[in-house]
Amino acid sequence: QVKLVESGGGLVQAGGSLRLSCTASRRPFEGYSMGWFRQAPGKEREFVAAIRSSDSKTMYADSVKARFDISTDNAQLTVTLQMNSLKTEDTGDYYCAAGWMGRAFQPVAWGQGTQVTVSS
């Protein structure tokens, strides 16, 4: 079972930036993708962004396009989410996931989560 460990959450003012990282203990499986979901208090978990290991294709939720950037390192075991122009509605617990990317990103493994709080 692959282990995913997130880091980089914290408190930031609206308009600021944060960078989240997630490192996998090993390559999850052939053709895997890695991505991020978030869950705001009282709301369902929602997709944020994903990147496919085979071709670095990316996918973003409409709410974060042009503000967030997902990337991976050469070994493709660490995925980074650069979050810019943060809004209060970006507040939530952010979860790293490994899974499949087709028309959507289907997670099969999760990290423990890291908290992001954006203050007004």
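Analyst: Terms to start with: a nonpolar core is a set of buried Ala, Val, Leu, Ile, Met, Phe, Trp, Tyr and Cys residues joined through side-chain atoms within 4.5 Å. Buried means under 20% relative accessible area, exposed over 50%, and partly exposed in between, with a 1.4 Å probe and protein chains only. This is a predicted model, where local features need pLDDT of at least 70 and side-chain atom pairs count only at pLDDT 80 or more, while totals for chains, interfaces and linings use all residues. Residues are numbered from 1 along each chain as its sequence is written, and side-chain values use heavy atoms, with hydrogens and water left out.

User: OK. Which residues have the most contacts inside the largest nonpolar core?

Analyst: Leu4, Met34, Trp36, Leu81, Met83 and Tyr94, in a core of 28 residues. Strands 3, 4 (33-39), 5 (46-52), 7 (68-72), 8 (78-83), 9 and 11 (114-119) are the elements that give two or more residues to this core. Strands here are DSSP E runs of at least two residues, numbered from the N terminus.

User: Which strand gives the largest share of this core?

Analyst: Strand 3, with four residues. A second, separate core has six residues, including Phe37, Ala50, Met59 and Met101.

User: Back to strand 3. How many of its residues are buried?

Analyst: Five of the seven, so strand 3 is largely enclosed by the rest of the structure.

User: What order do the strands take in the open sheet of four?

Analyst: The order is 1-3-8-7, with antiparallel pairing. Two strands count as paired if DSSP finds at least two bridges between them. Strand 1 (4-7) and strand 7 are the edges, each pairing on one side only. On average, neighbouring strands of this sheet are turned by 15° against each other, direction ignored. That angle is between axes fitted as lines to C-alpha atoms, with angles running from 0 to 180 degrees between N-to-C directions.

User: How many bridges join strand 1 to strand 3?

Analyst: Four, and the two strands run antiparallel. Glu6 has Cys22 of strand 3 as its bridge partner, and Ser7 stands opposite Ser21 in strand 3. Strand 3 also pairs with strand 8 in the antiparallel sense, over six bridges. There, Cys22 has Val79 of strand 8 as its bridge partner.

User: Cys22 keeps coming up. Which residue does Cys22 form a disulfide with?

Analyst: Cys96, with the sulfur atoms 2.0 Å apart. The cut-off for a disulfide is a pair of cysteine sulfur atoms within 2.5 Å, and the structure holds one of them. The pair links distant parts of the chain, with Cys22 in strand 3 (residues 18-24) and Cys96 in strand 9 (residues 92-101), 74 residues apart. The link of Cys22 and Cys96 is left-handed, with -80° about the S-S bond.

User: New topic: charges. How many salt bridges are there?

Analyst: The count comes to five, taking a salt bridge as a side-chain nitrogen of Lys or Arg within 4 Å of a carboxyl oxygen of Asp or Glu. Arg38, Glu46, Arg67 and Asp90 are linked in a network of them.

User: What N to O distance goes with Arg38 and Glu46?

Analyst: 2.7 Å. Arg38 is buried, with a relative accessible area of 5%, whereas Glu46 is partly exposed at 36%.

User: And which part of the chain holds Asp90?

Analyst: Asp90 is in the loop between strand 8 and strand 9, 52 residues apart from Arg38 in strand 4. The closest N and O atoms of Asp90 and Arg38 are 2.8 Å apart. Asp90 also forms a salt bridge with Arg67, at 2.7 Å for the closest N and O atoms. Arg67 is in the loop between strand 6 (58-60) and strand 7, 23 residues apart from Asp90. Both Asp90 and Arg67 are buried.

User: Last one: what does Ser33 touch?

Analyst: Not counting residues up to four places away in sequence, Ser33 touches Ile51, Arg52, Ser53, Ala97, Ala98, Gly99, Trp100, Met101 and Phe105. Contact means heavy atoms within 4.5 Å. Ser33 is found in strand 4 and is buried, with a relative accessible area of 0%.
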